[in-house]
Amino acid sequence: MAEIENRWWEPGELAEFAHGIRVVTPDEEFFCDPAFKKVREAINLSEFASRRPWNRDWQIRPVPDREGYPDAELRSDDEKLLFEVVEADRRRRRRCSEYRAERGLPQELEEYDPGEEAETALEEVSRVIKQKVKKLYRPKPHLLVYVNFFNGEPTSLYASQLYDKFGRSFESVWLLWQSGTFRLWPNPAKIKV
């Protein structure tokens with residue numbers, strides 16, 4: 001996906017390009033093939049930037065994997081921010097196996113508990129942040145976590161506890177959670193879109 005990397009995009013333009021790839025790519029390939037990692041990140045970054053955090057217009061540059069760090073840069077006027085992107089999903093979920101199993105097999109019904117899902121989501125957010133902390137990024141980036149759960153949202157107490165554990169590792173931590181954008185730190189907040 002070299003055509004997505006190493007240039008500056010307006011959020012809407014990047015979203016349109018990435019979604020264009022998404023709609024013509026089978027789920028199994030899109031979610032399982034590492035070649036689509038930048039496209040998945042681009043979808044999340046364009047959604048985040050279009051919600052105008054910090055009340056600014058942003059441009060996005062997906063950084064080529066060969067550069068190693070960061071995943072992307074966001075810029076507005078004369079400010080440039082380094083961003084790492086990660087997805088929080090069920091730890092033991094095997095998305096690729098799920099997509100392979102869907103080919104011709106009926107779906108099994110499973111019990112769904114919204115409260116359990118909300119609790120699991122917060123545990124998984126904490127887990128993926130901890131994984132990113134272990135990478136000891138320098139300089140400190142901002143972190144965007146795409147939360148792949150339907151229920152739940154962070155509380156200020158939750159944000160405070162995470163900050164106490166991991167706050168020195170990132171300039172800021174943001175969650176994209178369904179239609180919500182949450183800033184865990186600094187200053188925990190649910191951002192109005």
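1. Arg75 lies over the face of Trp8, 4.1 Å from the ring centre. A charge is taken to sit over a ring if NZ of Lys or CZ of Arg is within 6 Å of the ring centre and within 35 degrees of the ring normal. Arg22 lies over the face of Phe30, at 4.6 Å from the ring centre.

2. On the source of the coordinates: this is a predicted model, in which local features need pLDDT of at least 70 and side-chain atom pairs count only at pLDDT 80 or more, while totals for chains, interfaces and linings use all residues. Residues are numbered from 1 along each chain as its sequence is written, and side-chain values use heavy atoms, with hydrogens and water left out.

3. Phe30 also belongs to an aromatic cluster with Phe31 and Phe36. Rings of Phe, Tyr and Trp (its six-membered ring) pair if their centres lie within 6.5 Å; planes under 30 degrees apart count as stacked, over 60 as edge-to-face and the rest as tilted. By this rule there are eight aromatic pairs. In one of them, the ring centres of Phe30 and Phe36 are 5.8 Å apart and the planes stand at 45°, so the pair is tilted. Phe30 is buried at 2% relative accessibility, and Phe36 is buried at 6%. Here buried means under 20% relative accessible area, exposed over 50%, and partly exposed in between (1.4 Å probe, protein chains only).

4. The whole structure holds 16 salt bridges, each defined as a side-chain nitrogen of Lys or Arg within 4 Å of a carboxyl oxygen of Asp or Glu. Arg22, already noted over the ring of Phe30, forms a salt bridge with Asp27 at 2.4 Å, N to O. Asp27 is partly exposed, with a relative accessible area of 31%.

5. Asp57 and Arg52 form another salt bridge, with the closest N and O atoms 2.9 Å apart. Asp57 is exposed at 56% relative accessible area, whereas Arg52 is partly exposed at 34%. Elsewhere, salt bridges that share partners join Lys37, Lys38, Glu41, Asp65, Asp71, Glu84 and Lys132 into one network.

6. Helices (H or I, at least four residues) and strands (E, at least two) are DSSP runs, numbered from the N terminus. Lys37 is partly exposed, with a relative accessible area of 30%, but Glu41 is buried at 7%.

7. Glu117 sits in helix α5 (residues 114–133). Leaving aside residues up to four places away in sequence, Glu117 touches Arg90, Tyr112, Phe149, Phe150 and Asn151, where contact means heavy atoms within 4.5 Å.

8. Pro64 is in the loop between β1 (59–62) and β2 (72–76) and is buried, with a relative accessible area of 1%. Pro64 touches Glu5 and Asn6, again not counting residues up to four places away in sequence. Pro64 and Ile4 are 60 residues apart in sequence but 8.8 Å apart in space, C-alpha to C-alpha.

9. Six of the six residues of strand β5 (residues 172–177) are buried, so the strand is largely enclosed by the rest of the structure. Both faces are covered: Ser172, Trp174 and Leu176 are buried on one side, and Val173, Leu175 and Trp177 on the other.

10. Strand β4 (residues 142–147) runs parallel to β5, joined by six bridges; two strands pair if DSSP finds at least two bridges between them. Val147 stands opposite Trp177 in β5. The chain passes from β4 through helix α6 (residues 156–166) to β5 in a right-handed β-α-β crossover. Right-handed means that, with the strands pointing away from the viewer, the path from the first strand over the helix to the second runs clockwise.

11. Strand β6 (residues 180–185) is antiparallel to β5, with five bridges between them. The bridge partner of Trp177 in β6 is Gly180. β5 and β6 form a hairpin with two residues between them, and Gln178 in the turn has a positive phi of about 55°.
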